Amino acid sequence: QVQLLESGGGLVQAGGSLRLSCAASGRTFSGYAMSWFRQAPGKEREFVAVIRWDGGNTYYADSVKGRFTISRDNAKNTVYLQMNSLKPEDTAVYYCNAGYAPLVLIGRPGDYWGQGTQVTVSS
């Protein structure tokens with residue numbers, strides 16, 4: 001089993017940046033593709049980004065492409081989400097997920113979730 005813990009959320013103004021981290025424990029981190037999802041108030045949870053188990057390939061939702069960057073450091077059992085040029089519509093709770101990239105991309109995230117970290121972007 002994998003345990004995930006997100007951190008790095010906070011309050012920023014539009015145009016600012018944040019870097020989220022997700023630390024994994026309980027099982028070898030390198031065996032999973034890692035992804036980020038987010039959920040805004042009153043909305044469904046949506047896909048943000050995914051990175052392959054070896055970090056070789058990434059994929060982003062159109063809404064964040066060019067602004068967000070997902071990366072991972074398997075030696076540290078950590079995945080990151082660098083968020084630049086933040087917009088108010090990016091406001092959400094951001095969740096880390098461990099799963100398999102082909103399933104994530106068809107709307108079927110893995111079984112392992114963190115508790116989430118709040119990101120709030122003001123106008």
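The side chain of threonine 78 reaches the backbone oxygen of lysine 76, at a distance of 2.9 Å, in what is a predicted model. Threonine 78 sits in strand β8, and because its relative accessibility is 10%, it counts as buried. If you set aside the neighbours within four places in sequence, threonine 78 is in contact with Ser21, Cys22, Ala23, Phe29, Arg72 and Asp73.

From here, let us turn to the nonpolar core. The largest one has 37 residues, and those touching the most other members are Leu4, Met34, Trp36, Val79, Leu81, Met83 and Tyr94. Several elements give two or more residues to this core, among them β3 (18-25), β4 (33-39), β8 (78-83), β9 (92-99) and the helix α1 (101-104). The largest share comes from β5, with five residues.

Arginine 38 leads us on to the charged pairs. Side chains of opposite charge can pair when their charged atoms come close. A search of the whole structure finds five salt bridges. In one of them, glutamate 46 meets arginine 38 at 2.7 Å, N to O; in another, arginine 38 meets aspartate 90 at 2.9 Å. Arginine 38 belongs to strand β4 and aspartate 90 to the loop between β8 and β9, so this pair ties together parts that are 52 residues apart in sequence.

Glutamate 46, at 35%, counts as partly exposed. Together with Arg67, these residues are linked in a network of salt bridges: Arg38, Glu46, Arg67 and Asp90.

Elsewhere, arginine 52 and aspartate 54 meet in a salt bridge of 2.7 Å, N to O. Arginine 52 is partly exposed, with a relative accessible area of 34%, and aspartate 54 is also partly exposed, at 35%.

Finally, have a look at the surface. Tyr100, Leu103 and Ile106 form a nonpolar patch there, with about 310 Å² of accessible area together. Isoleucine 106 is in the loop between α1 and β10 (112-113), and it counts as exposed because its relative accessibility is 58%.

Conventions
Residues are numbered from 1 along each chain as its sequence is written. This is a predicted model: local features need pLDDT of at least 70, side-chain atom pairs count only at pLDDT 80 or more; totals for chains, interfaces and linings use all residues. Side-chain values use heavy atoms; hydrogens and water are left out. A nonpolar core is a set of buried Ala, Val, Leu, Ile, Met, Phe, Trp, Tyr and Cys residues joined through side-chain atoms within 4.5 Å. Buried means under 20% relative accessible area, exposed over 50%, partly exposed in between (1.4 Å probe, protein chains only). Helices (H or I, at least four residues) and strands (E, at least two) are DSSP runs, numbered from the N terminus. Patches are made of residues with over 30% relative accessible area and no salt bridge: like charges are joined within 9 Å, nonpolar side chains (Val, Leu, Ile, Met, Phe, Trp, Tyr) within 5 Å. Accessible areas come from the Shrake-Rupley method with a 1.4 Å probe; for residues, only the protein chains shown count as cover. A salt bridge is a side-chain nitrogen of Lys or Arg within 4 Å of a carboxyl oxygen of Asp or Glu. A polar contact is a pair of N or O atoms within 3.5 Å; within protein, one must be able to donate a hydrogen and the other to accept it, and residues adjacent in sequence count only if both atoms are side-chain atoms. Contact means heavy atoms within 4.5 Å.
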